[in-house]
Amino acid sequence: MNKILIVDDSRTQRNWIKASIGEDGYDIKEAGNGSEALTLVEDEQFDLILCDLNMPVMSGVDLMETMKARDISVPVIIITADIQDSTKKKCMDLSVKAFVNKPLKDDRLKNAVEEVLKVA
């Protein structure tokens with residue numbers, strides 16, 4: 001069973017993400033910001049992180065930079081409402097696997113999750 005960490009400061013968004021990917025077949029954990037997520041990834045092994053960028057305490061970019069500095073390697077899909085080209089480039093430099101725009105529509109997120117997990 002694949003273990004997925006959903007990182008978003010909005011509980012509503014986390015619930016939408018869970019509904020979008022379907023909970024069957026996944027062990028899903030949640031974090032409300034990058035700092036909470038970092039604690040979880042230091043203690044547990046995850047197959048994938050679904051991460052918002054703009055969060056209090058620690059942003060998604062800060063989380064990925066800290067993970068890289070600590071040599072923690074987990075595939076990341078960014079889920080965001082808006083992303084500037086400079087931020088997207090920074091995320092790509094940090095090896096982000098995919099970007100999915102909010103609001104979540106269709107099966108884009110589910111397809112991205114399945115694709116990344118298939119390759120990982």
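**Cysteines and a helix pair**

Student: Is cysteine 91 buried or exposed?
Tutor: Cysteine 91 counts as buried, at 0% relative accessibility. Buried means under 20% relative accessible area, exposed over 50%, and partly exposed in between (1.4 Å probe, protein chains only). This is a predicted model: local features need pLDDT of at least 70, side-chain atom pairs count only at pLDDT 80 or more, and totals for chains, interfaces and linings use all residues. Residues are numbered from 1 along each chain as its sequence is written, and side-chain values use heavy atoms, leaving out hydrogens and water.

Student: And cysteine 51, buried or exposed?
Tutor: Cysteine 51 is buried, with a relative accessible area of 1%.

Student: Changing topic: how do the axes of helix 2 and helix 3 cross?
Tutor: The axes of helix 2 (residues 34-43) and helix 3 (residues 60-69) cross at roughly 30° and come within 9 Å. That makes the two helices roughly parallel (angles under 35 degrees; over 145 is roughly antiparallel, 65 to 115 roughly perpendicular, the rest oblique). Axes are lines fitted to C-alpha atoms, over the stretch in contact for helices, with angles from 0 to 180 degrees between N-to-C directions. Helices are DSSP runs of H or I, at least four residues, numbered from the N terminus.

Student: Which residues meet there?
Tutor: Gly34, Ala37, Leu38 and Val41 of helix 2 meet Leu63, Thr66 and Met67 of helix 3, where contact means heavy atoms within 4.5 Å.
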